[in-house]
Amino acid sequence: MAKVIDEAKKHGHGHEGEHPPAPMVEEVSDFEVLEMAVRELAIDKGLFTAEDHRRWTEYVHSLGPLPAARLVAKAWLDPEFRKLAVKDGVKASLKVGVDWIKSPPTQFGTPSDYCNLRVLEDTPKLKHVVVCTLCSCYPRPILGQSPEWYRTPAYRRRLVRWPRQVLSEFGLQIPPDVEIRVADSNQKTRYMVLPMRPAGTEGWSEEQLAEIVTRDCMIGVAVPKPGVTSNVKLPVHRAVHPVHHHP
Amino acid sequence: MATLEKADLAPIGVLEGIRRRGRPWEDLAAQYGVKNPDPPWKVTLDATCDILAAESCASAEGEAEAAGSVLPVLERRAEEDELSSTLYAGVPFPERQLLALAHSMIRRGLFDEEELARRMKEVQERLTSA
């Protein structure tokens with residue numbers, strides 16, 4: 001490592017006073033080794049090719065919540081686009097660069113993100129929130145990878161039973177006169193929430209608006225607020241005394 | 001839904017070793033002052049899960065051929081849920097997702113425990129040889 005730094009200095013890339021190199025983990029973990037071993041064995045066994053895997057990795061790496069945030073911001077600014085988003089989420093996604101069918105390496109969607117997006121529009125009297133009670137279906141092509149808590153049985157089971165309480169645990173208090181509608185994702189249909197535009201954002205650009213439309217706002221466990229651009233950090237608690245359910 | 005039988009949820013030696021001694025990303029990141037919330041291998045793990053669920057795979061000649069999913073999403077996730085609340089309950093995410101995937105693949109006979117142990121040794125030597 002010291003040798004590399006010396007070489008960088010010699011070539012004028014290591015000036016004093018510049019940003020220090022970002023810290024990195026300098027040990028190989030058993031989990032890192034396991035991931036590679038599983039992948040290599042799968043390739044050896046002919047389950048997929050190294051080239052297939054590279055293409056999928058590139059695709060997964062490209063996913064994130066920004067396209068969905070832009071879709072929401074556009075819908076806030078353009079009533080016609082808003083109508084399109086609610087009527088045909090897949091078509092509206094094209095306007096923010098997401099092709100549900102052709103973007104994935106398969107060229108016909110992905111096995112875990114079926115090509116049907118529904119955009120659920122919140123109103124002053126209706127709040128939507130998204131879950132997948134069966135596993136962790138999520139609109140990944142437009143919203144990226146799901147957060148850990150979204151995958152947990154605690155969120156999945158409890159949200160459909162006690163949505164108001166679960167939302168309050170995220171810090172979101174919904175008035176009693178507002179209906180909460182829980183959308184249960186499935187293999188055929190994915191959902192995202194189109195939250196209401198908050199007060200105090202008059203005259204904002206699409207980029208400014210997109211910054212406050214966080215992932216959590218589009219799952220429905222938060223609402224956009226001027227100045228808030230990050231998601232709530234929720235610790236995932238394990239059950240200490242789990243109740244065993246019998247069929 | 002076809003999920004693993006009770007017996008299939010029994011511990012697997014090579015994975016038990018990793019569960020016991022493996023250092024999860026949250027520990028490593030804290031020790032080395034790294035801010036990235038996810039380990040670098042998470043994206044390749046997700047790609048592996050996706051591609052195993054695909055309903056057709058490229059043949060050696062590069063032609064798409066019809067084939068069933070090697071490991072359908074619903075089965076993998078159901079097994080991950082089960083294993084995450086039992087064998088790998090003490091393991092953080094996404095490490096437990098990885099252990100559950102390896103567990104499901106071994107129990108399906110996609111590779112065996114000895115092959116995995118051997119390959120891990122090779123990978124370990126390769127990564128630490130420089």
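Chain A of this predicted model averages a pLDDT of 88, and 84% of its residues score at least 70; pLDDT is the predictor's confidence in each residue, from 0 to 100. Over residues 1–14 of chain A the pLDDT is below 50, and beyond near neighbours in sequence this stretch has four contacts in the model. Here two residues are in contact if their C-beta atoms, placed from the backbone, lie within 7 Å. Chain B averages a pLDDT of 87, with 84% of the residues scoring at least 70. In chain B the pLDDT stays under 50 over residues 56–66, for which the model has eleven contacts beyond four places in sequence. Where pLDDT is low, the predicted coordinates should not be read in detail. For the complex, the predictor gives an ipTM of 0.90 and a pTM of 0.83.

A word on conventions before going on. Residues are numbered from 1 along each chain as its sequence is written, while chains are lettered from A and ligands numbered from 1 in the order in which they are written. Because the model is predicted, local features need pLDDT of at least 70 and side-chain atom pairs count only at pLDDT 80 or more, whereas totals for chains, interfaces and linings use all residues.

**The two chains**

Chain A holds twelve helices and four strands. Helices (H or I, at least four residues) and strands (E, at least two) are DSSP runs, numbered from the N terminus. Of the 247 residues in chain A, 37% are buried, meaning that 20 or more other C-beta atoms lie within 10 Å of the residue's own; 12 or fewer makes a residue exposed, and anything in between partly exposed, with C-beta atoms placed from the backbone. Among contacts in chain A between residues at least 6 apart in sequence, 70% join residues at least 24 apart.

One residue to look at in chain A is Pro153(A), found in helix α9 (residues 153–161). Pro153(A) counts as partly exposed because it has 13 C-beta neighbours inside 10 Å. From C-alpha to C-alpha, Pro153(A) and Ala69(A) are 27 Å apart in space, and they are 84 residues apart in sequence.

Chain B has six helices and two strands, which follow the pattern α-α-α-β-β-α-α-α along the sequence. Of its 130 residues, 37% count as buried. Among contacts in chain B between residues at least 6 apart in sequence, 58% join residues at least 24 apart.

**Where the chains meet**

The contact between the chains takes 41 residues from chain A and 50 residues from chain B. On the side of chain A that touches chain B, α2 (30–44) and α3 (50–62) each supply at least two residues. The largest share of that side, 13 residues, comes from α2(A). By class, the side of chain A that touches chain B has 20 nonpolar, ten polar and eleven charged residues. Ala, Val, Leu, Ile, Met, Phe, Trp, Tyr, Cys and Pro count as nonpolar, Asp, Glu, Lys and Arg as charged, and the others, Gly among them, as polar.

**Helix pairs**

Two packed helices are described by the angle between their axes and the distance between the axes. The axes are lines fitted to C-alpha atoms, for helices over the stretch in contact, and angles run from 0 to 180 degrees between N-to-C directions.

| Helix pair | Axes come within | Crossing angle |
|---|---|---|
| α2(A) and α6(B) | 9 Å | roughly 120 degrees |
| α4(B) and α5(B) | 9 Å | roughly 115 degrees |
| α1(B) and α5(B) | 10 Å | roughly 170 degrees |

α2(A) passes α6(B) in a right-handed crossing, a term for the near helix being turned clockwise from the far one by less than a right angle, with anticlockwise giving left-handed. Residues of α2(A), including Val33(A), Leu34(A) and Met36(A), meet residues of α6(B), among them Leu116(B), Met120(B) and Val123(B). This contact of α2(A) with α6(B) has nine nonpolar, one polar and three charged residues.

Within chain B, α4(B) also passes α5(B) in a right-handed crossing. Glu79(B), Glu80(B) and Leu83(B) are among the α4(B) residues in this contact, and Arg96(B), Ala100(B) and His103(B) among those of α5(B). The contact of α4(B) with α5(B) divides into three nonpolar, four polar and four charged residues. In the loop between α4 (73–84) and α5 (95–107) of chain B lies Pro94(B), and the peptide bond from Phe93(B) to Pro94(B) is cis, with omega near 5 degrees.
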